[in-house]
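Keep the 3D view open as you read.

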Amino acid sequence: MCNNYRLHVPANQLAAPFRDAGRALVFPGGLPNLAAADYRIGDVAPVVTQGADGLQLTMTPWAWKSLTGKPVFNFRSDGRSFANSTRCLIPADGFYEFTEPKVQGRKTKWLFTMAGQPWFWIAGIIKDGAFAMLTTEPGPDVAPYHDRQIVLLPPGAGVHWLDLSAAEDLMLQPCSAGSLTVQKVWPESA
């Protein structure tokens, strides 16, 4: 499942869909300098939540500890309601999946991006001060690579997840065919 994603988008671009919806995005710690980065489990990454003063972008650790001490970085959305959860949006412009066979001891690494969008949101929740990505059944673009996929939302749909102003079961769906583009990034093709 998704344990690596990237964000190569400045923070001010993340605020645009909220401005378009007549909402402001605040930066409690100041406007962060989001250098292009790949994020892995345990990293501190930007997320958007509904705060006391409105929508806010904060830097938050990825993965809380389960009762066994293992990190919870993905969380199944199937058959659940998140109305009483602290929902978050995780900005990304790509995520990675890894497949066999191994080459030089490493699995093949695939980059998924959203067709026609420079970036997107990953639906998530926050618990114990950390976030996890919500997962669902894989759509046709992801199914050849993994048996689950993270829940993706285009930039303009993010506010609906935070406000639950659209039905959860409609948002927590796999992407339709052709929504994602995939590119092998390791090993590089000759």
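**A guided tour**

Asp 128 counts as exposed, because its relative accessibility is 66%, and exposed here means over 50% relative accessible area, buried under 20%, and partly exposed in between (1.4 Å probe, protein chains only). Before going further, please note that this is a predicted model, in which local features need pLDDT of at least 70 and side-chain atom pairs count only at pLDDT 80 or more, while totals for chains, interfaces and linings use all residues. Residues are numbered from 1 along each chain as its sequence is written, and side-chain values use heavy atoms, with hydrogens and water left out.

Back to Asp 128: you will find it in the loop between strand E12 (120–127) and strand E13 (130–136). Strands (E, at least two residues) and helices (H or I, at least four) are DSSP runs, numbered from the N terminus. Although Asp 128 is not a glycine, it has a positive phi of about 50 degrees. Ala 63 is not a glycine either, and its phi is positive too, at about 105 degrees. The loop that holds Ala 63 runs between strand E5 (54–61) and strand E6 (64–65). Is Ala 63 buried or exposed? With a relative accessibility of 17%, Ala 63 counts as buried.

The backbone has cis peptide bonds to look at as well. One of them joins Glu 100 and Pro 101, with omega about 0 degrees, and Pro 101 is part of strand E10. Another leads from Trp 186 to Pro 187, where omega is near -10 degrees; Pro 187 belongs to the segment after E16.

Strands E10 and E16 bring us to a sheet. In what order do the strands of this open sheet follow one another? The 5 strands are arranged as E3-E1-E10-E11-E16, and their pairing is antiparallel. Two strands pair if DSSP finds at least two bridges between them. At the edges are strand E3 (37–40) and strand E16 (180–186), each of which pairs on one side only. On average, neighbouring strands of the sheet are turned by 30 degrees against each other, direction ignored, where axes are lines fitted to C-alpha atoms, for helices over the stretch in contact, and angles run from 0 to 180 degrees between N-to-C directions.

Zoom in on strand E1 (residues 4–7). Its antiparallel link to strand E10 (residues 94–103) consists of 2 bridges, and Arg 6 has Gly 94 as its bridge partner in E10. Towards E3, also antiparallel, there are 4 bridges, and Tyr 5 is partnered there by Tyr 39. From E1, Asn 4 and Arg 6 point one way while Tyr 5 and Leu 7 point the other, and all are buried.

In soluble globular proteins, nonpolar side chains tend to be buried together. Here the largest nonpolar core has 55 residues, and Tyr 5, Phe 18, Phe 95, Ile 122, Leu 152 and Trp 161 have the most contacts inside it. Such a core is a set of buried Ala, Val, Leu, Ile, Met, Phe, Trp, Tyr and Cys residues joined through side-chain atoms within 4.5 Å. Which residues surround Phe 18, leaving aside its neighbours within four places in sequence? Phe 18 is in contact (heavy atoms within 4.5 Å) with Arg 23, Leu 25, Val 48, Leu 55, Leu 89, Trp 121, Val 159 and Leu 162.

Beyond its neighbours within four places in sequence, Asp 78 is in contact with Thr 135, Thr 136, Glu 137 and Arg 148.

Now step back to the whole chain. Its secondary structure comes to 3 helices and 16 strands. The radius of gyration is 16 Å, close to the 16 Å that the globule rule gives for 190 residues, so the chain is as compact as a globular protein of that length; the radius is taken over C-alpha atoms, and the rule is 2.2 Å times the number of residues to the power 0.38. Buried residues make up 47% of the 190 residues.
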